[in-house]
Amino acid sequence: MACAERPAGLPEDASLIAQIPTAIRAGIIRMARAFRVNADGKDRLVNWLAADSCPAPAKATR
Amino acid sequence: MIRAILSKLRGEAAFLVLLAVAGAGAWLYVLFQQVRADRDDAVHRAEIVCARSGVEWGATDTAVRGVLCARHVAGLVAFRADADQQTARLFAKAMADASARTVKDNQAARLAAEAASAAAIRMETADAEAERRNLVDREWLAAVNGVAGLRPPTR
């Protein structure tokens, strides 16, 4: 079993400013939250089966 | 009267000696019968024990009989002790592994939950700001990355 895939996220660039309708923003946030839940859960599962296979979950930074 | 009996017996001295010897012989014979019965019984039991342990008592040769069997039984005892020890060791190791694994998993779960809740709070603030300005800016994008647990692409 492989660890969860964690691609690069959204660009954090001060020059990027957009108008996104509320419903779409909410959808993006839902998907982002679900991505973390699934990825962290999968890493925990892999670490349960084979200790220290996946990096520990990132601490709450920023 | 005693004297009369003694004098009479003196004539039969040889017969008396024979009687005494015969008595002693009979007594020894009885003792020997008992000893032999005991010995046969003991050997028989030893044969049974050996057969149960999986090796024949062996050989009619009295010098070597039971040797194989004794060696085999000693081996069994050693095996038993070794197996017990190994089992205890494996069991203790499994227990320790399981407990360490649970501790680690709980820790990972706690860390993940803490990170997720911190990101969620930040996301709420950023989204309220985006809603107010009707604009999505760097802070909002960073908050989304935080919620997803992702890093921004390095250009």
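Guide: Two residues are in contact if their C-beta atoms, placed from the backbone, lie within 7 Å. Helices (H or I, at least four residues) and strands (E, at least two) are DSSP runs, numbered from the N terminus. A residue is buried if 20 or more other C-beta atoms lie within 10 Å of its own, exposed if 12 or fewer, and partly exposed in between. This is a predicted model, in which local features need pLDDT of at least 70 and side-chain atom pairs count only at pLDDT 80 or more, while totals for chains, interfaces and linings use all residues. Residues are numbered from 1 along each chain as its sequence is written, and chains are lettered from A and ligands numbered from 1 in the order in which they are written.

Visitor: What is the mean pLDDT of chain B?
Guide: The pLDDT is the predictor's confidence in each residue, from 0 to 100. In chain B, 98% of the residues reach 70 or more. For the complex, the predictor gives an ipTM of 0.86 and a pTM of 0.63. The mean pLDDT of chain B is 90.

Visitor: How many helices does chain B have?
Guide: Chain A has one helix and zero strands. Chain B also has zero strands, and its pattern along the sequence reads α-α-α-α. The number of helices in chain B is four.

Visitor: What percentage of the residues of chain B count as buried?
Guide: Chain A has 62 residues, of which 19% count as buried. Chain B has 155 residues. The share of them that count as buried is 13%.

Visitor: How far apart are the end C-alpha atoms of helix 3 of chain B?
Guide: Helix 3 of chain B runs over residues 67–133, a total of 67 residues. The expected span of a helix is 1.5 Å times one less than its number of residues, so this helix should span 99 Å.

Visitor: Which elements are included in what covers the buried residues of helix 3 of chain B?
Guide: The buried residues of this helix include Cys69(B), Ala112(B), Met123(B) and Asp127(B). Their cover includes a helix of chain A as well as helices of chain B. The elements are helix 1 (22–49) of chain A, and helix 2 (13–53) and helix 4 (138–148) of chain B.

Visitor: Is Ala112(B) buried or exposed?
Guide: Ala112(B) lies in helix 3 of chain B. Because 23 other C-beta atoms lie within 10 Å, Ala112(B) is buried.

Visitor: Which residues does Arg122(B) touch, not counting residues up to four places away in sequence?
Guide: Arg122(B) is also placed in helix 3 of chain B. It has 18 other C-beta atoms within 10 Å and is therefore partly exposed. The residues that Arg122(B) touches are Ala143(B) and Gly146(B).

Visitor: Which residues have the most contacts inside the largest nonpolar core?
Guide: A nonpolar core is a set of buried Ala, Val, Leu, Ile, Met, Phe, Trp, Tyr and Cys residues joined through C-beta atoms within 7 Å. The largest one has 16 residues. Helix 1 of chain A, helix 3 of chain B and helix 4 of chain B each supply at least two residues of this core. Those with the most contacts inside it are Met123(B), Trp140(B), Ala143(B), Val144(B) and Val147(B).

Visitor: At what angle do helix 1 of chain A and helix 4 of chain B pack?
Guide: Axes are lines fitted to C-alpha atoms, for helices over the stretch in contact, and angles run from 0 to 180 degrees between N-to-C directions. The axes of these two helices are 7 Å apart. Among the residues making the contact are Ile29(A) and Phe35(A) of helix 1 of chain A and Val147(B) of helix 4 of chain B. The angle is about 30°.

Visitor: What is the phi of Asn134(B)?
Guide: Asn134(B) is in the loop between helix 3 and helix 4 of chain B. With 10 other C-beta atoms within 10 Å, it is exposed. Most residues other than glycine have a negative phi. The phi of Asn134(B) is positive, near 55°.
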